[in-house]
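Hello,

Here is the structure I said I would pass on. Please open it first, then read the notes under it with the residues on screen.

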Amino acid sequence: MTSRVTVHRIDPQDPAGAEAVLDLDQLVWADDLRTPREAALADTPTRAASIARADGEDAGIAASWDVELSIPDGDIASLRPVEGLTWVGVHPDHRRRGVLTALIREHLHWTRHEQGRAISVLKASEPGIYGRFGYGVASSTMMSSFSRGTTFAAPPAVRALADATTLRTTTASHNQGRRWHELARECARTGAGHVVRSAQDSERLLVDHPESRGSREPARLVWATRDGRDVGVAHFHRSPKWTSGTPAGTVGVFFLLSADAGARLALAERLVNIDLMATTEYWVAPDDVLALWLPSPRSVGGSGTTDNLWLRLVDLPAAVTERGHAADVELVVGVRDAILPDNAGSWRWTATGGTGAVSRTDATPDVTLDIGDLGAVWLGGQTLAARTAAGFVAEHRPGAVAELDAALRTAVGPVGTIDF
């Protein structure tokens, strides 16, 4: 049955708007309602929240967090403001009536035309949804499970940095949010794929409500410092458990930030050596140094690789200009984009000295692809050659895909990043 769907943006200053968004979210998704109402409202995104109505009834929601993303820029990365799509859901009575499509279209047009941002990112609860809206899987991650006392075979130079690092553990609280935010921005410049929440959001994320914990302890922070400055931090909690008289607790790590490998080693070794805990669980990228310091990927344990960050180029010319290029290139790329036609068509893609640009052209494309293919390769998590082999990308001039891959190459893959 076809419905008439309209999308209405919430006024951030209107408390009733936040109430409506939260009420619909709790209906769309399973919610045990343990978090106090006031606290749940404080965590409700209203800066860009929208409610879709179908035939006059509330039918779906979507929202956006104001975040920064680290983008490849030479051997390091630079931070760019992007939109973090979140809280996407459709009321059970209105599924498959165009509600989700209307919400995503509104978000993408708002991101480009009102916010002037080139990229939208998201974390997907269900992987089969967002590819059809031009998002690509830009980074992957593995749920790791490190046994108590795991030995990381780090080289001596890294070990020396770790030994020079001081660790201090404290209970997480909002008054550490600004400190975390500053360190997160510094760490994000070490590689692509970091999502950095705003300073205000950082403070809120460190508030741990007792009603939401279940059997686990309050959230903790362990700070890593060296030479008087912060070089890392881990956010974790312990869930105690005993099996046949033996301690079998779990350390759950929400995020682990590090400015260098030495800080990462020091934090990791602390987290796998906590009294009465048997395992430490954390999401790591496939080429995270924590995985490389083990004998093989098999040693990581956990549940295997899954998608992490999804990325959508909303303004192609702006995105190309913002991203660093690893090699000079000149070729014509044909782009398909069914939702944002300003991105579609043939583009002459050039890069010189690390700086890239695209301009309109009537020339025949050397490569043809979907906007989602570019999202998939933007952080270095995939290659165009692999997507060509899979049949997603068409090469019309031999060598063209390799040339663009070389220009978009990154030294290492993107990191795993915090949820939002």
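This is a predicted model: local features need pLDDT of at least 70, side-chain atom pairs count only at pLDDT 80 or more; totals for chains, interfaces and linings use all residues.

I began with a pocket.

Besides β14 (249-258), at least two lining residues each come from α5 (177-188), β9 (195-197), α7 (261-271), β15 (277-284), α8 (289-292) and β16 (304-307). By type, the lining has 25 nonpolar residues, 14 polar ones and nine charged ones.

Helix α7 is worth a separate look. Eight of its 11 residues are buried, so the helix is mostly covered. The buried ones are Gly262, Ala263, Arg264, Leu265, Ala266, Leu267, Ala268 and Leu271. At the start of the helix, the backbone nitrogen of Gly262 has a side-chain oxygen of Asp260 within 3.2 Å.

Next, the interior. In soluble globular proteins, nonpolar side chains tend to be buried together. Which residues have the most contacts inside the largest nonpolar core? They are Leu69, Ile119, Trp349 and Trp378, in a core of 88 residues. Helix α7 gives the most to this core, with six residues. There is also a second, separate core of 20 residues, which includes Ala62, Val99, Trp310 and Leu340.

Setting aside neighbours within four places in sequence, Trp378 is in contact with Ile71, Pro72, Ile119, Leu311, Leu313, Ala319, Val320, Arg323, Trp349 and Leu408. Two of the residues in that list, Ile119 and Trp349, are also named among those with the most contacts inside the largest core.

Is Ser120 buried or exposed? Its relative accessibility is 0%, and buried means under 20%, so Ser120 counts as buried. Ser120 sits in strand β5, which covers residues 119-122. The side chains of Ser120 and Tyr135 are joined by a polar contact of 2.8 Å. Beyond four places in sequence, the contacts of Ser120 include Glu83, Leu85, His107, Leu108 and Trp310, as well as Tyr135.

Ala385 belongs to helix α11, residues 384-389. Its relative accessible area is 41%, so Ala385 is partly exposed, a class that runs between 20% and 50%. Apart from residues up to four places away in sequence, Ala385 touches Val401 and Asp405. From Ala385 to Leu408 is 23 residues in sequence and 12 Å in space, C-alpha to C-alpha.

Leu33 is not a glycine, yet its phi is positive, about 60°. Leu33 is in the loop between α1 (15-28) and α2 (37-42), and it is exposed, with a relative accessible area of 54%. Asp55, also a residue other than glycine, has a positive phi near 50°. Asp55 lies in the loop between β2 (50-54) and β3 (57-73), and it is partly exposed, at 47% relative accessible area.

Regards

Terms used. Residues are numbered from 1 along each chain as its sequence is written. Side-chain values use heavy atoms; hydrogens and water are left out. Helices (H or I, at least four residues) and strands (E, at least two) are DSSP runs, numbered from the N terminus. Ala, Val, Leu, Ile, Met, Phe, Trp, Tyr, Cys and Pro count as nonpolar, Asp, Glu, Lys and Arg as charged, and the others, Gly among them, as polar. Buried means under 20% relative accessible area, exposed over 50%, partly exposed in between (1.4 Å probe, protein chains only). Contact means heavy atoms within 4.5 Å. A nonpolar core is a set of buried Ala, Val, Leu, Ile, Met, Phe, Trp, Tyr and Cys residues joined through side-chain atoms within 4.5 Å. A polar contact is a pair of N or O atoms within 3.5 Å; within protein, one must be able to donate a hydrogen and the other to accept it, and residues adjacent in sequence count only if both atoms are side-chain atoms.
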